[in-house]
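Here is a short note for someone opening this entry for the first time. Please keep the viewer open while reading.

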Amino acid sequence: MTKLLVLACCLAALVLPGCASRQASATPSGSLNLSQMIVPAGKYGRRKEFPLRATHITIHSTANRNATALQHARGMASGAFRGRSKWNRTGYLTWHFTVDDVQAIQSLPLSIQGEHADHDGPGNRTSVAIEICEFRDSRRQAAAIERAARLTAYVMRQTGVPLDRVVPHYHWPQRHFHSYQKNCPRILLDGGKPGPRWEVFLRKVRSY
Ligand SMILES: [Zn+2]
């Protein structure tokens, strides 16, 4: 049923005018199932662009239960996610990859900063962002985390970022909000902080 829905959404993306192009892309492993739905150049979150030379990878989870990678990618490519904070530099929330239990989708080139971590802070200025989808079903959640680990290893190879610079969103204090450290990715933190679950995730990344 889920596969049928996803297929229907893919078909809609192909036939609807104005939708972002969807291209297959080469992956190091078929099981990563990575494709691209890049935000159109010059539109929405790319009307204003800031160049990125990534030194970190920031891991998030969507806090948007049961919404898929495809739904997030389509929303980002059509300007659905407005950034309402006055410190948001582009007026939109953007990030590089969304991953769920069946696929990973890239939305931004690796050479452009996203708006996902800390407004004009170092998190946005230095890191590639991966959003992991959240699911109530524990098996789907585990599969999404596994694929996220595989994707993180792939992005490390693409960018040269080492494992000790793979960080949770929590790592970047919110300078405009009294240096508050967000409980994100909440599905991989313990008590709002990196702990055993984060260590398990890093071990999975290392295994890929
Ligand atoms: Zn986050």
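1. Ground rules. This is a predicted model, in which local features need pLDDT of at least 70, side-chain atom pairs count only at pLDDT 80 or more, and totals for chains, interfaces and linings use all residues. Residues are numbered from 1 along each chain as its sequence is written. Helices (H or I, at least four residues) and strands (E, at least two) are DSSP runs, numbered from the N terminus.

2. Helix H2. Start with residues 69-77, which form H2. Seven of its nine residues are buried. Here, buried means 20 or more other C-beta atoms within 10 Å of the residue's own, exposed means 12 or fewer, and partly exposed lies in between; C-beta atoms are placed from the backbone. Among the buried residues of H2 are Leu70, His72, Arg74 and Met76.

3. Ser78 sits in the loop between H2 and strand E4 (97-99). Ser78 counts as partly exposed because it has 18 C-beta neighbours inside 10 Å. Gly79 follows H2 and has a positive phi, near 75°.

4. The loop between E7 and H5. Strand E7 covers 166-168 and helix H5 covers 196-207. What is worth checking in this loop? Most residues other than glycine have a negative phi, and most peptide bonds are trans. His178 has a positive phi of about 55°, and Ser179 has one of about 60°. Both His178 and Ser179 belong to this loop. His178 is exposed because it has 7 C-beta neighbours inside 10 Å. Ser179 is exposed too, with 10 other C-beta atoms within 10 Å. Pro185 is in this loop as well. The peptide bond from Cys184 to Pro185 is cis, with omega near 0°.

5. H4 against H5. How do these helices cross? The axes of H4 (residues 138-159) and H5 come within 8 Å and cross at roughly 55°. Axes are lines fitted to C-alpha atoms, for helices over the stretch in contact, and angles run from 0 to 180 degrees between N-to-C directions. The pair is therefore oblique: angles under 35 degrees count as roughly parallel, over 145 as roughly antiparallel, 65 to 115 as roughly perpendicular and the rest as oblique.

6. Who meets whom. Ile145, Glu146, Ala149, Thr152 and Ala153 in H4 meet Phe201, Lys204 and Val205 in H5. Contact means C-beta atoms, placed from the backbone, within 7 Å.

How values were computed:
Two residues are in contact if their C-beta atoms, placed from the backbone, lie within 7 Å.
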